[in-house]
Amino acid sequence: MPGTVDVTASLNPHDAASGIMEAPMVEIEHLSLWYGAKQALRDVSMSVPKHRVTAYIGPSGCGKSTLLRCLNRMNDLVDGVRVTGTVRIGGTDIYDPTLDVTELRKRVGMVFQKSNPFPKSVFENVAYGPRILGVRTRSDLEAVVERSLRAAALWEEVQDRLGDSALGLSGGQQQRLCIARAIAVEPDVLLMDEPCSALDPIATAKIEELMLELKNSYTIVIVTHNMQQAARVSDYTGFMLLGELVEVGVTRELFTNPRDKRTEDYITGRFG
Amino acid sequence: MRHLWRSGEPFIWLTGSALALCLLLVVGLVALILVNGLGFFWPKDVVRLTLTDGRALTGIVREREAVPDRGGEYRIKLQVANRDLYGADFVWVDEARIARREDPPDVTVIERTEWGLLIGTLAEFRDGGRVVAAGPGPALAELRRRLPAAARLRREIRSIEKGEIGAINHAQEQARLALKRLELRGVATGPEVEALGRRTAVLQARYAAEEARLAALRKQQTASVVVAADGGKDKELPLAQVLRAFTPNAMGVLAKSGHYAAGLWGVVSDDPRESNTEGGVFPAIFGTAMLVMIMSALVTPLGVLAAFYLREYARQGTFVSAVRIAVNNLAGVPSIVFGVFGVGFFIYGVGGTLDRWFFAEALPTPTFGTGGILWASLTLALLTVPVVIVATEEGLAAIPMGMREASLALGATKLETTLRVVLPAVMPSVLTGLILAMARAAGEVAPLMLTGVVKLAPSLPVDGFWPFVHLERKFMHLGFHIYDVGFQSPNVDAARPMVFVTTLLLLVMVVLLNLFAIGLRNRLRRTYATSAV
């Protein structure tokens with residue numbers, strides 16, 4: 001299939017001996033997107049393997065956030081947006097007109113660049129998603145909140161102040177709270193749009209550690225400015241430039257032995 | 001010089017003095033109202049002036065001013081009261097004509113139900129024409145002893161008039177309307193008509209019984225006091241008309257303070273007397289509070305919903321911008337224009353139609369087709385809705401987009417996001433808008449004069465008769481009361497203190513309503529504090 005990168009056993013860092021292909025969670029085929037007359041994505045095709053961290057890198061305005069936002073159709077909120085091509089998540093075409101977009105978003109969680117907790121208590125922030133899903137009983141909600149906060153490595157820090165305003169937490173805690181909130185609805189895929197760009201190095205390290213933990217349960221797609229971060233946390237990396245997916249491959253391969261000249265220029269710091 | 005200007009120091013002084021001037025104006029205004037409004041109830045001493053021509057004048061000094069065109073001479077304004085005896089409450093006395101000034105300790109000031117104050121010396125206390133006590137001291141003692149019982153009797157009579165007889169009148173009116181309703185349906189005879197006839201007869205019998213009870217009670221009001229006033233004039237005043245009697249010259253500070261507190265409470269809790277120049281302003285306070293509350297209940301949902309559509313749902317473009325400008329300009333339309341609209345649309349249009357559909361039996365007397373508290377509230381709501389819309393819109397614009405995205409990304413629908421995230425976060429802004437709206441509405445008078453405010457409302461808009469809240473009723477309002485008492489009263493001098501008292505009450509009320517809303521907003525802010533706002 002042209003444009004699709006088949007992740008073969010030889011490229012798989014985790015399973016070099018077995019010789020099997022990784023199962024794809026997200027499949028993107030010939031995806032193009034226009035904001036009005038301006039084309040932001042040009043014929044992007046690739047697949048994202050299940051239970052792995054896939055990173056997108058590239059200079060500002062290259063379309064990596066746009067691509068991420070296509071995966072839970074957050075771009076629908078923008079006026080005058082037009083999309084062609086297909087995106088399948090777990091085999092379902094998410095641009096199918098009959099698909100309920102709220103159902104999709106429950107399966108594809110998102111963490112944003114700027115931490116955006118609701119102006120409610122810590123508990124209510126995490127319980128928001130489950131409440132939307134119809135969880136009503138207090139004991140169920142408490143169980144979900146504790147599990148999510150533990151999964152986001154925040155439980156120890158906030159267990160005594162669940163009733164306090166989430167806005168009283170530090171920046172790093174707020175971002176982990178947003179992660180806890182996203183995984184409280186148990187999505188299949190977790191999208192992260194530059195989750196550490198507003199955090200200090202220590203908080204960043206905690207989130208990165210968390211990502212490695214979370215990939216056992218979730219498929220993670222992360223957009224980052226920071227190439228070191230992509231190198232540290234991701235299994236696969238895609239390089240984007242001017243709306244085009246230039247190259248995608250196993251992270252180590254891409255950083256050490258890029259196939260495309262533009263990728264090499266970017267990672268060696270010749271532009272961007 | 002140039003250096004001084006560049007230092008910025010003069011500009012700081014300029015801004016500082018501008019603020020100081022504003023503060024001075026506000027403080028001056030409040031102080032003027034406070035002094036005049038609160039000073040009115042303090043029982044001032046009564047002086048007896050003997051003039052050079054031998055005439056004696058007893059009264060309370062209210063003012064002192066220079067005589068025009070005669071340098072160095074002063075005159076005083078003396079409240080001699082006893083309007084029924086002298087014809088006027090106030091006289092101007094040139095100080096040059098005063099031969100002697102004294103403070104007689106036994107002069108009594110009597111507040112009565114009509115004709116204003118009575119100032120004089122008690123001569124006798126009579127009961128049924130027989131003298132019970134003679135002389136200032138014994139008569140005053142007897143008066144004080146009998147006053148509580150007389151007040152109880154007066155209250156009982158009033159409660160029968162308002163309560164029992166009022167209920168009978170109300171029931172009779174209901175029966176009359178029911179009969180009229182039947183008539184409109186073409187039923188002139190039959191069991192229903194007869195039943196109503198029997199009910200009316202029963203009511204009339206009960207009315208006669210209550211009337212007899214009243215007459216019996218009135219017969220008990222036999223006592224009276226004789227007061228000797230200046231110029232050898234005597235006044236026999238029935239005890240039933242005496243509200244309070246006191247001797248200011250013999251009172252200590254403590255007694256005066258008690259009198260003061262009672263007077264203050266009377267103004268807040270009593271009904272007005274003597275075309276509003278005396279008595280209390282309770283109906284006006286009640287009307288104002290109810291008006292503002294109904295207005296708030298109407299304007300908040302309307303303004304918030306409109307703002308949500310403008311900011312959250314409408315596609316931002318030329319049309320929405322035009323609507324926004326139009327809404328903002330609506331806030332600048334003179335309030336009387338809204339009053340005219342209220343009369344034309346609400347009263348004649350909506351009210352007239354309601355009358356024809358639901359209250360046809362009462363026509364030609366209008367029920368909703370005339371001014372009333374509902375129409376006045378609606379008019380004010382219309383007047384203040386731009387304020388709420390603008391404040392809510394600004395609040396919505398200040399909520400970060402990320403907050404909405406976070407909710408949507410969790411699978412919430414747009415509606416769930418709006419109700420669970422956006423609405424709580426915007427509530428402080430809504431309340432800010434409401435505070436501004438209430439402040440404006442409480443002070444509006446012009447549109448109310450067209451849509452239902454009256455000088456004297458016979459009953460409050462809330463009472464014991466079903467449906468308890470009567471939104472079609474006319475009402476009294478503190479703002480209109482100020483205008484009416486101050487500028488429409490036949491006895492301006494006597495009414496002037498009432499103007500200040502009413503103004504003070506209106507101010508206090510606006511401040512209280514605002515404090516309540518501000519307290520609520522601050523509580524919400526603490527709960528929903530957002531990082532962006």
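**Helix packing and chain contact in a predicted model**

Visitor: At what angle do H7 and H12 of chain B pack, and how far apart are their axes?
Guide: This is a predicted model, where local features need pLDDT of at least 70, side-chain atom pairs count only at pLDDT 80 or more, and totals for chains, interfaces and linings use all residues. Residues are numbered from 1 along each chain as its sequence is written, with chains lettered from A and ligands numbered from 1 in the order in which they are written. Helices (DSSP runs of H or I, at least four residues) and strands (E, at least two) are numbered from the N terminus; axes are lines fitted to C-alpha atoms, for helices over the stretch in contact, and angles run from 0 to 180 degrees between N-to-C directions. Helix H7 (residues 282–313) and helix H12 (residues 414–443) of chain B pack with axes 9 Å apart, at an angle of about 135 degrees.

Visitor: How are H7(B) and H12(B) oriented to each other?
Guide: Angles under 35 degrees count as roughly parallel, over 145 as roughly antiparallel, 65 to 115 as roughly perpendicular and the rest as oblique. The angle here is about 135 degrees. H7(B) and H12(B) are therefore oblique.

Visitor: Which class of residue divides out at twelve in the contact of H7(B) with H12(B)?
Guide: Residues are in contact if their C-beta atoms, placed from the backbone, lie within 7 Å. B:Met295 and B:Val299 are among those in H7(B), and B:Leu434 and B:Ala437 among those in H12(B). Ala, Val, Leu, Ile, Met, Phe, Trp, Tyr, Cys and Pro count as nonpolar, Asp, Glu, Lys and Arg as charged, and the others, Gly among them, as polar. The contact has one charged residue, six polar and twelve nonpolar.

Visitor: How are H6(A) and H7(A) oriented to each other?
Guide: Helix H6 (residues 171–183) and helix H7 (residues 201–214) of chain A have axes 9 Å apart. Their angle is about 20 degrees. H6(A) and H7(A) are therefore roughly parallel.

Visitor: What do the buried residues of H3(A) pack against?
Guide: A residue is buried if 20 or more other C-beta atoms, placed from the backbone, lie within 10 Å of its own, exposed if 12 or fewer, and partly exposed in between. In H3(A), the buried residues include A:Val126 and A:Tyr128. They pack against helix H4 (138–151), helix H5 (155–158) and H6 of chain A.

Definitions and conventions: Contact = placed C-beta atoms within 7 Å.
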